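Visitor: Could you take me closely through one part of this model, the sheet and what packs on it?

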Amino acid sequence: MDLSQLPDNPYLLLTPGPLSTTKTVKAAMLKDWCTWDDSYNTIVQEVRRRLISLTGKYSERYTSVLMQGSGTFSVEAMIGSALPKNGKLLCIANGAYGNRIIQTANVLGIDTVIQDSTELDEVDLSLVGRNLQDNPDITHVIVVHCETTTGMLNPIKEIAQISKEAGKIVMVDAMSSFGGIDMDLGELQIDFLVSSANKCIQGVPGFGFIIATKEAIASCKGNARSLSLDVYDQWETMEKANGKWRFTSPTHVVRAFYQALMELEEEGGPVAREKRYTNNQRQLVAGMKELGFETVLDERNHSPIITGFLSPTSEEYDFKSFYESMKVKGYVIYPGKVTNLDSFRIGNIGDVHAADIQGLLKAVEESMSWMQLAES
Ligand SMILES: *Cc1c(COP(=O)(O)O)cnc(C)c1O
């Protein structure tokens, strides 16, 4: 099809997902599929295979399962299926997504030890060891990789190492990092990882996925606290029926995701994508600093995904006007999520390149002078 016929998006999404996708990903949705037909199920199996191939050197140890819904549905499915009835969770949290995990565990009635270092602070690794020692009945440890609240990158390698030495199952919410930050799951000793279609793999929203070791998936049998969010049952059906989902699957979204996975490979895989995102983020921070902005976090805690900036203190500033001014110029930014801190966020994942960041910085400068926040 002639892609020039497809309308351009009126603005670029500089958000942590849904994000700006390529026209080829969007165009992949222009066909209807039958959920139980072979030609569709073959695509599902290829998607599952490609996801496993992104796990690194020990990919033969891993398997994958797709789950309907937004990323949170998959997080809930993973937690609710991984923990046995008498299981106990250690949740390491420092932001909204860590808190959502705690909330999920509470709703599911799972006994949870909380280690909360608050939004702006790094995880205290010695406390992880101490919590595991004080609570020998903990069976599973969970942490968010890139805490999208602030953009903080948590030390999953060290956390997994401490947890594995204590014999625990390790679960990672890599929603906003998988595909955009290169990681070797086997080397990192990750048992379960969860992510979704509309983040760094650059698909459109509609489903999430869980990548786990084959033993970890097998251990989920009979644990689920929900019928539709049963990871084991979903996985078993996909395995036995060659890519079939138990209930209606988001066919167009899956087809678009397959295209997104091929484009990830064409780009050079997660290593190349991480490099592009890192360049975007560095260019963004350098440019914003030149315009007088300060970042919420210290630079050593930044991820190549999203960055929080402190709002200008001037009385002339309000986020809504800034947001609207940026949007008409073609850039959608993101509100802040840190409690007690006036801030906003700019994501740089998706089909976003150096020229886009340049354009964005120019729009920020123009918006500031329009809001009389700077000399024009
Ligand atoms: C986006 C995201 C999620 C899932 O959010 P949904 O809105 O349910 O897709 C979970 N964890 C993290 C770290 C995220 O960035």
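Guide: Seven strands make up an open sheet of mixed pairing, ordered β2-β10-β9-β8-β5-β3-β4, where strands are DSSP runs of E of at least two residues, helices are runs of H or I of at least four, both numbered from the N terminus, and two strands pair if DSSP finds at least two bridges between them. At the edges lie β2 (62-68) and β4, each of which pairs on one side only. On average, neighbouring strands of this sheet are turned by 20° against each other, direction ignored; axes are lines fitted to C-alpha atoms, for helices over the stretch in contact, and angles between N-to-C directions run from 0 to 180 degrees. This is a predicted model, in which local features need pLDDT of at least 70 and side-chain atom pairs count only at pLDDT 80 or more, while totals for chains, interfaces and linings use all residues. Residues are numbered from 1 along each chain as its sequence is written, and side-chain values use heavy atoms, with hydrogens and water left out.

Within the sheet, β8 (residues 169-173) and β9 (residues 192-196) run parallel and are joined by three bridges, and Val 172 has Leu 193 in β9 as its bridge partner. Helix α3 (residues 71-82) packs on the sheet, where it touches β2, β3 (88-93), β5 (140-144), β8, β9 and β10 (207-213), contact meaning heavy atoms within 4.5 Å; the direction of α3 makes about 160° with that of β9. Helix α9 (residues 231-240) also packs on the sheet, touching β2 and β10, and its direction makes about 105° with that of β2.
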